[in-house]
Amino acid sequence: MANIRRTSANQSNMTDLRSDRHAVMRKRKKRKTARIIFSVIIPLVVTLGVLIYLGFFFFKVENVLVYGSGFYGEDQVRQAGGIENGEKLFLFNRKAAAEKIEEELPYAASVKIKIVLPATFSVTMSDAVPTSAQKIDGKLFLLDKNLKVLEAQEPYDVAIPVVGGAELLNPPEEGKKLDYKDKQINKIHVDILEALADNNLLGEAKYIDLSDKMALKVQIGRRFVLMLYSGDDLKGKLGFAKSVIEKLEPNDRGYIEIPNIKKSSFIPAGDEIFIYEY
């Protein structure tokens, strides 16, 4: 029995020793981790903080590089965006500047401004493309696909459809969106342009009559007037119209009525079909 008690006591002592050793090793690991934190991580964080501080307050604009625009150069972009030498690279509001450039420069369709260290703003732009026009008082106001007014031409020579018949809310202004009194016409105008483009008819369309939302008309060259009725399923209707045109004779002229994508009728006519002449 005595031997058993001694063995049990020895085992207990060994367990205590192992426990003590583990505790010592844990403390050593904690001290080592703390030394790493204080000797490496904290200095790194401090250094990073200093660099960020210096970057925010000491990197300043010296150059502006403009890419992608066939209309505007550095001076115009700087003036429109309010970008001056000495502006702090990281504190300057690039998003607001890009929005100003898009608003002030009509042909600026999209603008992105990026920082290029140590002292440059890189401005990447895409140019708007005229897709339709409004004729007012002898001037032709060119519009992009979103109805933004790009410029006024006088005289004019364009291969895009003229749009008319609907009353405007305000006179066209370069850099601003065209706005109709009837807000539904805005959507119909955009939808017709998209449908014409999707069916490869935009280059052939000469005039779009928006005077009646339920009697929309599109003049195709000097041969046809498409009677689209409402603005429902314009892509389908124009696709159907294209298939009808392809089946007609080269000398055929007239009205093509398309109340829906399943029904059409062709009404032959002469020069009186033209609803618009440049």
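What follows is a chat about a predicted model, covering its core, its strands and its salt bridges.

Q: Where do I start with the inside of the protein? Which residues touch the most other members of the largest nonpolar core?
A: Start from the idea of a nonpolar core, a set of buried nonpolar residues joined through side-chain atoms within 4.5 Å. Here the largest one has 34 residues, and the members touching the most others are Tyr180, Ile192, Leu196, Leu210, Val218 and Leu226.

Q: Which elements give two or more residues to this core?
A: The list is strand 5 (139–143), helix 4 (183–198), strand 8 (205–209), strand 9 (216–220), strand 10 (224–229), helix 5 (234–247) and strand 11 (254–260). Helix 4 supplies the largest share, seven residues. There's also another core apart from this one, with 28 residues, including Val64, Ala97, Ala108 and Leu140.

Q: Can we zoom in on one member? What is valine 218 in contact with, leaving aside its neighbours within four places in sequence?
A: Go through the partners by name. Valine 218 is in contact with Ile192, Leu196, Ala205, Tyr207, Ile208, Phe224, Val225, Leu226 and Leu228.

Q: Now the strand around that residue. Which way do the side chains of strand 9 point?
A: When you read a strand, check direction and burial separately. In strand 9, Leu216, Val218 and Ile220 point one way, while Lys217 and Gln219 point the other way.

Q: In what sense does strand 9 pair with strand 8, parallel or antiparallel?
A: Look at the bridges, then at who faces whom. Strand 8 and strand 9 run antiparallel over four bridges, and alanine 205 sits opposite isoleucine 220. The two strands make a hairpin with six residues between them.

Q: And how many bridges does strand 9 share with strand 10?
A: Five, again in the antiparallel sense. Leucine 216 faces tyrosine 229 of strand 10. This pair is a hairpin as well, with three residues between the strands, and glycine 221 takes a positive phi near 55° there.

Q: On to charges. How many salt bridges does the count come to?
A: Side chains of opposite charge can pair when their charged atoms come close. For this model the count comes to eight salt bridges. One of them joins lysine 181 to glutamate 167, with the closest N and O atoms 2.9 Å apart. Both residues lie in the loop between strand 7 (162–164) and helix 4, so the pair ties together parts 14 residues apart in sequence. Lysine 181 is partly exposed at 48% relative accessibility, and glutamate 167 is exposed at 52%.

Q: What about a salt bridge within a helix? Where do lysine 187 and aspartate 191 lie?
A: Both are in helix 4, four residues apart, about one turn of the helix. Lysine 187 is exposed, at 55% relative accessible area, whereas aspartate 191 counts as partly exposed at 21%.

Q: Which parts does the pair of lysine 235 and aspartate 198 tie together?
A: Find the element each residue belongs to. Lysine 235 is in helix 5 and aspartate 198 in helix 4, so this pair ties together parts 37 residues apart in sequence. The closest N and O atoms are 4.0 Å apart. Aspartate 198 is partly exposed, with a relative accessible area of 47%.

Methods. Residues numbered from 1 in each chain as written. Predicted model: local features only at pLDDT ≥ 70, side-chain atom pairs only at ≥ 80, totals over all residues. Heavy atoms only, no water. Buried < 20%, exposed > 50% of the residue type's maximum accessible area, 1.4 Å probe, protein only. Contact = heavy atoms within 4.5 Å. Pairing = 2+ DSSP bridges. Salt bridge = Lys/Arg side-chain N within 4 Å of Asp/Glu carboxyl O.
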